[in-house]
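This report goes through selected local features of a structure. The sequence and coordinates come next, followed by the details.

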Amino acid sequence: MTATAPAPATAPTRGARPLAGTGTLLRFALRRDRVLIPVWVAVNALMVLSMPNTLKALYGTAAERADLMRQMATNTSLRAMVGPVFGDSPGALTAWRVGVYAGALAAVTSLLVVLRHTRDEEESGRQELVSSAMVGRRAPLTAALLAAVVADAVVALLITVGLAGQGVAAVAKGPPGARPAFLHISQPTRKAGTTMAASSWKKNTTAP
Amino acid sequence: MTKAITVSGLHKSFGATHALDGLDLDVERGEVHGFLGPNGAGKSTTIRILLGLLRADSGAAQVLGRDPWSDAVEVHRRIAYVPGDVTLWRNLSGGEVIDLFGRLRGGLDRRRRDELVERFELDPTKKGRTYSKGNRQKVALVAAFAADVDLLILDEPTSGLDPLMEEVFQRCVAEERDRGRTVLLSSHLLGEVEQLCDRVSIVRKGRTVESGSLADLRHLTRTSVTAELAGPPDGLARLPGVHGLDIQGHRVRLQVDTARLDAVLRALTESGVRSLTSTPPTLEELFLRHYGEAATASTSAAAAAAESSTEVER
């Protein structure tokens, strides 16, 4: 049995470079999703941007809005079902009606994007081929998260700009609990990202 | 000059399963090294460890002078890998995948890529979902052979290729060896191994059972001799190294350890030889002996009784 120890490394160790190849993988992910992301983003943005007009029909006059505020203040079961109204302005009403849905849709989009570029790749075996190239251990997950962030950033931008274009303030000036649309949308991504990063970190540093 | 790959005493367990049980492997630079073994022997696990995809429980591994786990990215700069079954992205064309790997591996020789695409008769413009299994493998092979690397790790890369493409593959590997590249080839195709490999390592149940050049390994196998004699055969059963002696009238069939062939031939010619067929040891016989000792023991249980009288301790 050849028991000789392997010769010492002939070149100095440069470290593992865990994020090598992230840029390439990110561009690749966005290229693969060049239809998927725009579609989800468009649906989300359209949902939000069509709200001010709908609300104008429902709560057009000041009397109707006052009526709504009074109902909200008194009727707790109504508040439980549709959430508290932030304020009186079109922006506040839009955030009240569609804010949660937009956030949920952005969360689902983020989840979809991240899974497509992590779990799907691992299960199909493509990840093995990619990982045998100059790709760091953290790079695939990081690229997937960044792709989701890009998708969410685009949605947030479209909503902010679109609402501003309709003359509706997208940044709340009023009571706490209302947030700028941008932060509101990116929250699900940050939550999803942290959870996935934590579980993947454990997987990569302990066992196989 | 450092060896391309050195592995010693590698251990790896997945829960209760011991995939690797003290495996050794030595691959010199510039050689084509065959990596053989039955299913479940630990070949793919070893390759994954060499690629830094898995971390061994214990033992040492070095690839091109570096540690494959902690220096993974640097090692990958000089390595190209082709897995056993290749899955590609559905909406990307073969050419795009080859270019992607060119970017991820840090360099692609354009002319070589185009030449290989032609030789393998691959249509690089078709989408991934339209490729057959063989075409997917061709994409991975072209991406690997066109890369500017020092070591190629091929894990059963031709399992979907037709015989013509198998020929092209073998010629490509020979060309890579001529350029001074090292190739680690894991294969079940013994013809391929016989044609290409300079040295061979046979693993079984997580350990290396045999390692050496094919010439060395052939000494350990037996030559089959079939002869028709003029007179009655005499004294063959007494010769050392003779197995499976079968005499029917004047026809003799036997297997002899290649090292003892001379004595057997002399005994045969003494009886007068009318016709003689000698089959050189096939790699298949060698591998079957190592792959399935349990299986061969059960099927030749009857022959063992006859063999035991002629078997000589070596």
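How many of the eight residues of helix α1 of chain B are buried?

## Helix α1 of chain B

Six of the eight residues of helix α1 (residues 43-50) of chain B are buried, and the helix is mostly covered. Buried means under 20% relative accessible area, with exposed over 50% and partly exposed in between (1.4 Å probe, protein chains only). The buried residues are Lys43(B), Thr45(B), Thr46(B), Ile47(B), Ile49(B) and Leu50(B). Just after α1(B), Gly52(B) has a positive phi of about 75°.

## Basis of the description

The model is predicted: local features need pLDDT of at least 70, side-chain atom pairs count only at pLDDT 80 or more, and totals for chains, interfaces and linings use all residues. Residues are numbered from 1 along each chain as its sequence is written, chains are lettered from A and ligands numbered from 1 in the order in which they are written, and side-chain values use heavy atoms, with hydrogens and water left out.

Helices (H or I, at least four residues) and strands (E, at least two) are DSSP runs, numbered from the N terminus.

## The sheet in chain B

Four strands of chain B form an open, antiparallel sheet in the order β11-β12-β10-β13; two strands pair if DSSP finds at least two bridges between them. β11 (242-248) and β13 (273-279) of chain B are the edge strands, each with a single partner, so one side of each has no neighbour in the sheet. On average, neighbouring strands of this sheet are turned by 15° against each other, direction ignored.

Five bridges join β11(B) to strand β12 (residues 251-257) of chain B in the antiparallel sense. Ile247(B) stands opposite Val252(B) in β12(B). Helix α9 (residues 261-271) of chain B lies across β10 (222-229), β11, β12 and β13 of chain B, and runs at about 5° to β10(B).

## Helix packing in chain A

In chain A, the axes of helix α2 (residues 36-49) and helix α6 (residues 90-117) come within 9 Å and cross at roughly 175°. Axes are lines fitted to C-alpha atoms, for helices over the stretch in contact, and angles run from 0 to 180 degrees between N-to-C directions. α2(A) and α6(A) are therefore roughly antiparallel (over 145 degrees).

The residues of this contact (heavy atoms within 4.5 Å) include Trp40(A) and Met47(A) in α2(A), and Tyr101(A) and Arg116(A) in α6(A). They divide into 14 nonpolar, three polar and one charged. Ala, Val, Leu, Ile, Met, Phe, Trp, Tyr, Cys and Pro count as nonpolar, Asp, Glu, Lys and Arg as charged, and the others, Gly among them, as polar.

## Ser131 of chain A

Ser131(A) is found in helix α8 (residues 126-131) of chain A. Ser131(A) is buried, at a relative accessible area of 16%. Leaving aside neighbours within four places in sequence, Ser131(A) is in contact with Leu53(B) and His76(B).

Notes: Parallel < 35°, antiparallel > 145°, perpendicular 65-115°, else oblique.
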